[in-house]
There are 4 protein chains.
Amino acid sequence: MKVDKDDQRIFFDRPIVAWSITLLIIYSVICFSIDTLPNLDKSTTIFLHYSEIIIVSIFTVEYLYRLYLAENKTKFIFSFYGLIDLLAILPFYVATAIDLRTLRLMRLLRLARLLKLARYNQALLRFSKALFSVKEELIIFSIASLVLLYLSAVGIYHFENSAQPEVFRSIFDCLWWAVATLTTVGYGDIYPITIGGRIFTFVILMIGLGLIAVPTGIVASALSDVRKQPEN
Amino acid sequence: MKVDKDDQRIFFDRPIVAWSITLLIIYSVICFSIDTLPNLDKSTTIFLHYSEIIIVSIFTVEYLYRLYLAENKTKFIFSFYGLIDLLAILPFYVATAIDLRTLRLMRLLRLARLLKLARYNQALLRFSKALFSVKEELIIFSIASLVLLYLSAVGIYHFENSAQPEVFRSIFDCLWWAVATLTTVGYGDIYPITIGGRIFTFVILMIGLGLIAVPTGIVASALSDVRKQPEN
Amino acid sequence: MKVDKDDQRIFFDRPIVAWSITLLIIYSVICFSIDTLPNLDKSTTIFLHYSEIIIVSIFTVEYLYRLYLAENKTKFIFSFYGLIDLLAILPFYVATAIDLRTLRLMRLLRLARLLKLARYNQALLRFSKALFSVKEELIIFSIASLVLLYLSAVGIYHFENSAQPEVFRSIFDCLWWAVATLTTVGYGDIYPITIGGRIFTFVILMIGLGLIAVPTGIVASALSDVRKQPEN
Amino acid sequence: MKVDKDDQRIFFDRPIVAWSITLLIIYSVICFSIDTLPNLDKSTTIFLHYSEIIIVSIFTVEYLYRLYLAENKTKFIFSFYGLIDLLAILPFYVATAIDLRTLRLMRLLRLARLLKLARYNQALLRFSKALFSVKEELIIFSIASLVLLYLSAVGIYHFENSAQPEVFRSIFDCLWWAVATLTTVGYGDIYPITIGGRIFTFVILMIGLGLIAVPTGIVASALSDVRKQPEN
């Protein structure tokens, strides 16, 4: 019996099975996206509904089969991937049983299916190893970035609040400006117009671009080191 | 006879010939660009038409000469550069023979001429070698970026859809926002206005900037390694 | 007596104390931010006022205790952290004693509390070491960036001033455009519309992106070198 | 006599002299910037005029002194710095002698003074050495970037021209869009609105960000290598 299960366990490692499940996850994600479109016609809605039923059915069968194959049932249910597999199907059953209005938030949980993609990928290990090796630097730079964001917000509040009281209303609006500016996104919904505010923006950008970009360089060089290690 | 062809084969490797063809390609690209300008006067249109005829004539002669020089005719026609050379001249003959309205799409194929520039450049090999050595990392980061883009779109849809139903209409509009934000382009046509949406944007940017920037660092360090190899 | 003080000096190094002070600093910063919100109701204003009194009281007790523990009183008062600790509490006492209208500027000094976070962090040393080792490169690139910013401003002034006299009014407005463009923030409040101005922007961006991004790479590689040193 | 000149030649290497000239250059640049401000009052204009006379006088004396010190007069006049020094003073004399309307363009030449800053800086050598060692890569990536920019422009023209004929008028407008997008500046004056155009933008950004960012990484690592060389 145990030997049989070991044989069957290889089932999910077969490329054809792994790819089928991946495609099904992508298909379910596309259905979820189409479902958010406004003014959907009747036939599409019905089609999406039946798609949902079929997807959940297949995922349910998969979940039960995995549970059957597991040596330690309880351990599987409470394992990371066991919980994700459960979350991928649970919203459907819960949503139709209880109040439908909570459905909207529940729907987000359905996206847990996406995380299943990670199951078939071992190479993320190397990346997490690299991240772990530069843990301290990342924490320091995160704190420094947060402090800089806050100081930028206070500074720009001081310069722009009197000139544009409706745009730079409070420190919180200024924080939004600091985020959009220091990440160089620059939507253009909020920007300084005074000379002081513009010079301040320049100084902050000179400091901030370096501060925010350095961690990327650290991670890249750590990843490069981890990749070289097996060669030694 | 075979020796004669070998001598002639060097023809296309001569700097003067290579540069002439490159300049002709650039000239044809400029003509194509000018052709898209609205309200062109009659004389310019005629000039562009005759330019096109001359360019295609030269490229046709070049193609036939290359075909004549090739040892294996069939192999040349179906080789990568053989097909590109054919695509660079074919649209002209096909467009004037059949319906002119399909011309517009056909025109894009004309740009295949640009790819011919690659023919004269050997140094791209080093870059493709570097890319190949970090293939796995690039695939993982591409998948992770796509997953992050999708999760960002779902998240912002949840926060902003009720506040700006006309802007953040569906997951697809939110995906466009995610692309414009995580690449830090930030056109400013679509941005969050709720507190939740703004905090979410901040968190997503902190994670996303690193994720999207790391592959660049990986490619750069791989390229640096490839460049050092001949020195060993 | 001296031994007693040495024992007490460990007090501020205890994790529980360090974390309590950090949390109090964060709490005071949040209070300061909320205080800038327009249209605050009466009860919130009162709450914030009493919060301020309690925060300042605790920081005052902390300051006096640190002063008591210090071997050399004068040295502590005029030390970097001694001054920051003083600046964190002084604005409150001064603001209530003298004219309230200067309060607004004084408030910024209150943020000095944020700098106290640095006290509990030793790992910044490595970063400052890396920065010091590439000092010369950073100065050169800073000067080069400033020169490029200025030349960009003059160039775009030449191209755009006649086409958009209200937007590109003077070199100073053009400098603001140069800052927003070369850092790729691109708010969209000021951008070229002439062909010359756009080609100039392209050329400047090609040169400028490299120039501004290189220092980041230098710092990252210097930091990577510093991290490897203890392993030797 | 020759010994006397050698002694005097050290004059320009003295820190006090070098800094004085640098400050004078910065002062003249600030004057030039203020001069572009619209609606300047009479007294400021007069002040700027006299400043200009004094600056040019000092630079003229400096130029003549350098000429006097030079062993080979002709060689100095036609040397790189000799010409820059001349260009820094010539516009003033030429502008007042001939037509004043050409003054505006001539003024740009005055900025040549900025280049004089480079004279006092030896450390740029290391950077130019690093640039030279990766010359080939930089040329390839520049060509690849230009090709990508052009293909992006053609692609977006195909997708957006029919939907926004006034914005994406021709390949040239599309090239401007490509520059603003691939450098992630994103002013927001021109952006795709069709689904096809948005997906195309996403694909182009995924390829383009890497392509444009890699050269920066190459230069940074080359600079890091050059800095390590003297240690060997």
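Is W176(B) buried or exposed, and what is its relative accessibility? At 4% relative accessibility, W176(B) counts as buried. The legends below take you through this and other spots in a predicted model.

**View 1**
Before zooming in, here is a word on the predictor's own scores. The complex as a whole receives an ipTM of 0.80 and a pTM of 0.84. For chain A the average pLDDT is 77, and 79% of the residues score at least 70. Within chain A, confidence is highest in α10(A), at 92, and lowest in helix α6 (residues 103–110), at a mean of 46. The pLDDT is below 50 over residues 98–108 of chain A, a stretch that has twelve contacts in the model beyond near neighbours in sequence.

A search of the whole structure finds 24 aromatic pairs over all chains. One of them is formed by Y187(A) and Y191(B), a tilted pair with 5.7 Å from centre to centre and 40 degrees between the planes. Y187(A) sits in the loop between α10 (171–182) and α11 (195–228) of chain A, and Y191(B) in the loop between α10 (171–182) and α11 (195–228) of chain B, so the pair joins two chains. The two partners are worth checking one by one: Y187(A) is buried at 4% relative accessibility, whereas Y191(B) is partly exposed, with a relative accessible area of 23%.

**View 1. A stacked pair within chain B.**
Here we return to the tryptophan of the opening question. The ring centres of W176(B) and Y187(B) are 6.0 Å apart and the planes are at 20 degrees, so this pair is stacked. W176(B) belongs to helix α10 of chain B and Y187(B) to the loop between α10 and α11 of chain B, eleven residues apart, and the pair links distant parts of the chain. Why does Y187(B) count as buried? Its relative accessible area is 4%, and the cut-off for buried is under 20%. W176(B) is likewise buried, at 4% relative accessibility.

**View 2. Where chain A meets chain B.**
This contact brings together 37 residues of chain A and 40 residues of chain B. Chain A and chain B bury about 3300 Å² between them, with 70% of that area on carbon and sulfur atoms. How many salt bridges does the rule find across the interface of chain A and chain B? It finds one salt bridge there: D173(A) with R198(B), whose closest N and O atoms are 3.4 Å apart. Six residue pairs are in polar contact between chain A and chain B, both residues at pLDDT 80 or more. On the side of chain A that touches chain B, the elements giving two or more residues are α2 (15–35), α6, α8 (124–133), α9 (135–160), α10 and α11 of chain A. Of these, α11(A) gives the most, with eight residues.

**View 3. Where chain C meets chain A.**
Now move to the contact that takes 37 residues from chain C and 40 residues from chain A. Chain C and chain A bury about 3300 Å² between them, 70% of it on carbon and sulfur atoms. The count here is one salt bridge, and D173(C) forms a salt bridge with R198(A), the closest N and O atoms lying 3.4 Å apart. Between chain C and chain A, six residue pairs are in polar contact, both at pLDDT 80 or more. Several elements give two or more residues to the side of chain C that touches chain A, including α2 (15–35), α8 (124–133) and α9 (135–160) of chain C. The most comes from α11(C), with eight residues.

**View 4. D173(D) and its contacts.**
D173(D) is placed in helix α10 (residues 171–182) of chain D. At 10% relative accessibility, D173(D) counts as buried. Which residues is D173(D) in contact with, leaving aside its neighbours within four places in sequence? They are R198(C), V167(D) and I190(D).

**View 5. Two residues with a positive phi.**
Most residues other than glycine have a negative phi. T184(B) is not a glycine, yet has a positive phi of about 60 degrees. T184(B) lies in the loop between α10 and α11 of chain B and is buried, with a relative accessible area of 9%. N39(D) also has a positive phi of about 60 degrees although it is not a glycine. N39(D) is found in the loop between α2 (15–35) and α3 (42–69) of chain D, and is exposed, with a relative accessible area of 78%.

How values were computed: Residues are numbered from 1 along each chain as its sequence is written. Chains are lettered from A and ligands numbered from 1 in the order in which they are written. This is a predicted model: local features need pLDDT of at least 70, side-chain atom pairs count only at pLDDT 80 or more; totals for chains, interfaces and linings use all residues. Side-chain values use heavy atoms; hydrogens and water are left out. Rings of Phe, Tyr and Trp (its six-membered ring) pair if their centres lie within 6.5 Å; planes under 30 degrees apart count as stacked, over 60 as edge-to-face and the rest as tilted. Helices (H or I, at least four residues) and strands (E, at least two) are DSSP runs, numbered from the N terminus. Buried means under 20% relative accessible area, exposed over 50%, partly exposed in between (1.4 Å probe, protein chains only). pLDDT is the predictor's confidence in each residue, from 0 to 100. Contact means heavy atoms within 4.5 Å. Buried area is the accessible area (1.4 Å probe) that two parts lose on being put together, summed over both. A salt bridge is a side-chain nitrogen of Lys or Arg within 4 Å of a carboxyl oxygen of Asp or Glu. A polar contact is a pair of N or O atoms within 3.5 Å; within protein, one must be able to donate a hydrogen and the other to accept it, and residues adjacent in sequence count only if both atoms are side-chain atoms.
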